[in-house]
Amino acid sequence: MNLLPLPDILLPTLAALALLGPLLLAFRPRATGWAAAAGLPAVALAFVKPFEVELDALLIGVRFGVHPGNAPFLLLAGALWTLSTWFARHYMAHDAHADRYHAFHRFAMTGNIGLILAQDLASFYFCFALMSLASYPLVIHDGRKVSRQAGRAYLALALLGEVVQFAAFSIIASQAGAWTFDAARGALLESPLRPWLIGLLLVGFGIKAALFPLHVWLPLAHPVAPTPASAVLSGSMIKAGLLGWLNLLPLGAAAAPAFGEALIVAGLIGVFGAAVVGVTQHQPKAVLAYSSISQMGLMILAVGIALARPEAMKYVFPAVLLYALHHALAKCALFLGVGMATSAPRAALGRAVLWAGLFLSGLALAGFPFTSGAAAKIFLKTAAAEAPGDWPARLGMLLSLGAIGTTLLMARFWWTMKKKIAHDPDAHHVAARGIWIPWLLLVGLVLTLPWWFAGWLNAAKAASAFSMKYALPLGWPVLAGAGVAGLVMAVMRHGLRELPPGDILAIPVWTVSRLVSFYRLHRPTLGARVRAADEARALARDGLKNLLRALAGAERYLRTLGVAGIALALLTALLIWRLGS
Amino acid sequence: MPSFDSTLPLLVLMTSLVTAVVIFALGEHRVKTRTFFNLLGAIAKLALVGYMVWGVFHQHVFETRWRFMPQLDFVLRADSMTILFSTLSAGLWLLTTIYAIGYLEGSPNRRRFFGYFSLCVTSTMGVSLAGNLITFFVFYELLTLTTYPLVVHRGTDKAIRAGSMYLRYTLGGSAAMLAGMLWLYVLVGPFDFNATGALSSLDPNYRWHLIVIFALLVGGLGVKAALIPLHRWLPAAMVAPAPVSALLHAVAVVKAGAFGIVRVVYDVYGIEFAKDLGVLPGLSAIAAITILYGSIRALTQDDFKRRLAFSTVSQVSYITLGVSLFGPLATVGGLVHLVHQGIMKITMFFAAGNVAEALGAHKVSELDGVGKRLPGTMAAFSIAALGMIGVPPLAGFISKWYLGWGAADAGQYWALGVLAASSLLNAAYFLPILYRAWFKPQRKPWPHEHPHHGRLEISWWLLAPPVATAILVVFAGLLAGHPTSPLSWVQLISQREYLAP
């Protein structure tokens with residue numbers, strides 16, 4: 001964004017600092033005092049002029065750089081990791097495994113910032129893997145059964161994503177003959193395998209981006225992690241898949257209508273499906289996780305628009321950047337707010353401030369007029385108007401309905417939070433007062449930073465968010481959602497029946513468990529057949545054994561005489577003789 | 001007097017051969033003297049190989065040639081392929097010697113053990129330096145004979161059974177190889193590895209002969225390289241003491257087989273001619289099946305070393321796959337895995353040995369909480385295991401990356417599926433070990449704990465080698481682009497010898 005004029009020589013230094021800071025701190029998990037400052041170089045990098053660093057000796061040639069496409073991601077990741085590290089310092093202070101937590105928190109941070117800076121396939125892959133794998137110990141941190149199960153689902157899908165990326169990257173590299181993103185994008189345009197590659201990229205990154213139906217791990221894993229980890233998982237790490245698409249898909253350069261429309265549909269399923277399942281959740285963090293899927297659905301459909309219609313990219317690009325920033329900040333504030341509640345502020349003022357923060361962040365997420373979410377929604381609607389075919393009309397309506405869904409989710413979230421604060425089973429977790437400062441800073445950012453960024457992108461459009469023109473179109477879904485929520489709560493006092501977190505994952509799990517019990521039931525008959533096969537094999541083996549017994553004699557001979565010893569003596573003599581001649 | 005350059009290959013062999021003779025001559029109880037000579041030999045060899053690396057890089061010719069029959073030469077020559085294998089062997093021999101000294105401290109028959117141990121390395125060096133098929137065969141056989149006493153070292157029934165299985169498989173393989181070799185000599189006469197085109201100029205009528213000979217040679221070598229269905233001796237042979245397993249799996253035996261396959265494809269047949277003959281797809285298919293089969297079998301093994309053994313079956317075939325996919329990049333991936341698999345797998349066997357030695361734990365299910373008790377050992381193991389899965393920036397990542405790139409480059413997209421599936425399987429059998437070690441609390445007392453009094457978790461003889469190899473795993477990956485990395489050397493090989501026009 002080139003607002004921070006630094007001499008050229010300092011730029012690579014700053015990049016090195018952004019990566020090595022968290023990496024080195026990961027090896028010193030006890031150093032918590034100033035650890036949060038490790039995220040600041042990334043924030044600073046968001047404001048410098050574009051540059052690229054080449055390090056040929058590392059891996060197979062590493063390229064790191066900053067450009068307008070990744071600067072907003074640096075900004076959001078830098079801010080979120082800084083504040084969550086700060087938050088974690090106090091929040092985890094009395095945790096038995098705090099050191100382990102801090103170490104992996106910082107490894108994941110290194111990976112997250114690294115993948116944003118990466119400008120070639122190998123380092124992107126490396127940092128992506130580092131982030132994914134380092135988050136696994138965060139997911140299972142508390143060691144409960146539900147966390148371990150969530151961790152397994154998370155790890156299985158994360159690894160699947162890795163190998164699909166690997167396949168995609170291998171093919172791209174073979175077409176491009178090089179590793180850089182520039183070469184990769186060029187090769188993707190030329191390649192006859194383009195449909196395959198787009199498909200692999202959609203799956204490989206879709207897992208992290210919670211693309212339906214690859215999202216199943218997310219509602220399991222995001223809620224069980226310790227709160228500061230949930231916050232960065234749902235705020236920052238979830239954007240890595242999105243960034244991967246922006247980096248590699250031929251957005252704005254070539255049309256892939258079938259894939260584009262499939263993405264639009266998958267995004268919409270995410271938007272609405274997650275809202276439906278999410279409102280039945282009983283845990284505030286589970287509601288927030290579904291809200292993340294729903295919000296990612298909006299960004300996914302925006303990418304789908306650009307994939308289907310390259311001309312739309314110039315509207316989609318700013319919309320996705322702004323939306324990513326806005327969602328990251330608001331979602332992080334909400335998640336950390338759940339952690340605030342576990343410290344159960346007793347004073348009336350503290351509670352009032354907490355509720356104010358939760359309320360404002362939730363309204364922003366729902367896109368209420370005059371909040372930062374309104375600006376993000378306006379950008380998104382502009383992009384939706386550029387969709388191919390008769391999508392623009394449909395999307396206009398669907399986006400409004402989506403806002404109703406988000407409002408319902410937020411209402412559900414506030415409701416579950418109210419219960420949590422009222423009687424919290426985790427209340428023994430008395431967090432230090434220190435968590436207030438990072439959280440309040442974050443709420444402050446939610447209220448300001450997206451505005452500033454929107455203005456930087458397009459001042460006129462950002463200003464229009466303050467005009468009454470948009471108040472009604474943006475306001476009615478939120479009000480309608482609030483009305484529906486009020487109605488539901490009035491009618492169903494005893495709560496909703498919770499749909500299982502992980503939703504459609506329940507289908508294969510159920511099928512497998514049925515198959516297993518079917519197998520157990522019929523094992524006696526299956527067993528008999530297996531035994532018959534074993535006997536036949538044993539007979540064949542006996543025949544061979546007799547043949548081989550003769551060899552055994554020769555072997556005993558070898559053992560007693562030490563033929564090898566003789567061979568050794570001969571060889572030594574031979575070689576000594578050769579040496580002398 | 002022959003020049004230094006023409007004696008160097010012999011001297012490289014002599015360093016460990018003389019060590020062996022000295023050790024056999026020394027009494028069983030001369031522990032300190034034996035240790036001294038062991039380390040002296042290993043360091044001297046490493047220094048000589050280091051000089052050889054420098055020399056080959058600068059296009060020196062190191063060749064020892066001796067005509068022992070009319071038309072039949074005994075040739076030792078250092079080319080860039082040799083360097084790859086002999087540097088690996090010399091480096092890991094030193095570390096394994098250090099490890100074995102610590103591991104066998106106080107146990108009986110150490111003279112025999114270290115004597116054969118040195119012989120085994122001599123044979124491995126011979127395999128790497130061999131300049132033609134007959135020389136290769138001699139050392140290859142010697143390797144079989146010298147490793148046998150190491151496999152049966154414990155002398156238990158199980159060890160003897162494993163040893164006899166080992167001999168049956170390898171001697172069977174040798175017979176096939178000998179037949180193939182003689183047949184080839186009848187057809188074209190003797191030729192050196194560096195004389196390309198000896199076979200391609202043969203009358204096309206002999207095409208089928210050459211295909212059958214290829215099958216015989218690769219079948220014979222495939223026993224040691226543990227290609228399916230010739231792999232069964234390898235998991236059985238894990239009854240040997242940990243340093244032997246480390247050496248068998250990482251350097252000596254399986255690598256000699258894989259190295260032999262590389263030689264046959266590139267230096268006997270020539271890659272272009274092998275492709276014209278149409279023998280490569282079959283080889284790739286066998287390699288791919290072996291990769292998947294080994295991994296699937298590893299999933300269910302509870303015995304720690306057995307799980308590692310099946311993993312070796314799978315991983316060594318990456319080398320064969322890379323060579324048979326036909327293309328410069330896949331070749332780079334396959335050859336570099338020769339080194340990378342070596343340093344990763346030896347780390348894992350060192351670690352498994354430490355766990356057995358310190359705690360008496362031999363099963364994966366006994367490893368709960370072992371990370372707390374042996375943090376250095378298990379950290380090294382974890383790095384190696386993640387490398388095997390192909391996690392960047394470790395060594396295995398570089399191999400897999402080039403294999404994948406090469407497979408795509410050669411248009412063999414199915415191989416990407418094999419690599420992806422294999423990575424997932426690797427994760428499925430290695431990650432549970434890491435999970436148990438680091439995240440589960442210790443449940444039961446250790447099966448046989450040997451208390452160690454000192455500042456370290458275990459004696460430094462046992463701790464230093466895995467830590468050193470784990471550091472190599474990190475550097476081989478992280479600094480793969482550096483001119484001194486294994487990857488850079490392999491790129492030199494592919495430019496210099498094989499794919500140059």
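**Exercise 1. Helix 12 of chain A**

Find which residues of helix 12 of chain A are buried, and the helices they pack against.

*Solution.* 
Step 1. In helix 12 of chain A, the buried residues include A:Gly260, A:Leu263, A:Ile264, A:Gly267, A:Val271 and A:Ala274. Here buried means under 20% relative accessible area, exposed means over 50%, and partly exposed lies in between, with a 1.4 Å probe and protein chains only. Helices (H or I, at least four residues) and strands (E, at least two) are DSSP runs, numbered from the N terminus.

Step 2. An α-helix has 3.6 residues a turn, so residues three or four places apart point the same way.

Step 3. The buried residues of this helix pack against helix 8 (194-206), helix 13 (284-308) and helix 17 (391-422) of chain A. A contact is a pair of heavy atoms within 4.5 Å.

Step 4. Now check the length: helix 12 (residues 257-278) of chain A has 22 residues and reaches 31 Å from first C-alpha to last, close to the 32 Å expected at 1.5 Å a residue. The expected span is 1.5 Å times one less than the number of residues.

Before going on, some ground rules: this is a predicted model, in which local features need pLDDT of at least 70 and side-chain atom pairs count only at pLDDT 80 or more, while totals for chains, interfaces and linings use all residues. Residues are numbered from 1 along each chain as its sequence is written, chains are lettered from A and ligands numbered from 1 in the order in which they are written, and side-chain values use heavy atoms, with hydrogens and water left out.

**Exercise 2. A partner helix**

Work out whether the span of helix 8 of chain A agrees with its 13 residues, then list its neighbours.

*Solution.* 
Step 1. The 13 residues should span 18 Å at 1.5 Å a residue, and the end C-alpha atoms are 17 Å apart, which agrees.

Step 2. Among the buried residues of helix 8 of chain A are A:Leu197, A:Leu201, A:Leu202 and A:Phe205.

Step 3. The buried residues of helix 8 pack against helix 5, helix 6, helix 7 (181-190), helix 11 (239-248), helix 12 and helix 13 of chain A.

**Exercise 3. Salt bridges**

Which residues form salt bridges with A:Arg63, and is A:Arg63 buried or exposed?

*Solution.* 
Step 1. A salt bridge is a side-chain nitrogen of Lys or Arg within 4 Å of a carboxyl oxygen of Asp or Glu. The whole structure holds 19 of them over all chains.

Step 2. A:Arg63 meets A:Glu54 (3.7 Å, N to O) and also A:Asp56 (3.6 Å, N to O).

Step 3. A:Arg63 counts as buried because its relative accessibility is 15%.

Step 4. In chain B, B:Asp73 and B:Arg67 form a salt bridge with their closest N and O atoms 2.7 Å apart. B:Asp73 is buried, at 8% relative accessibility, while B:Arg67 is exposed, at 55%.

Step 5. Both belong to a network of salt bridges that also links B:Glu63, B:Arg65, B:Arg77 and B:Asp192.
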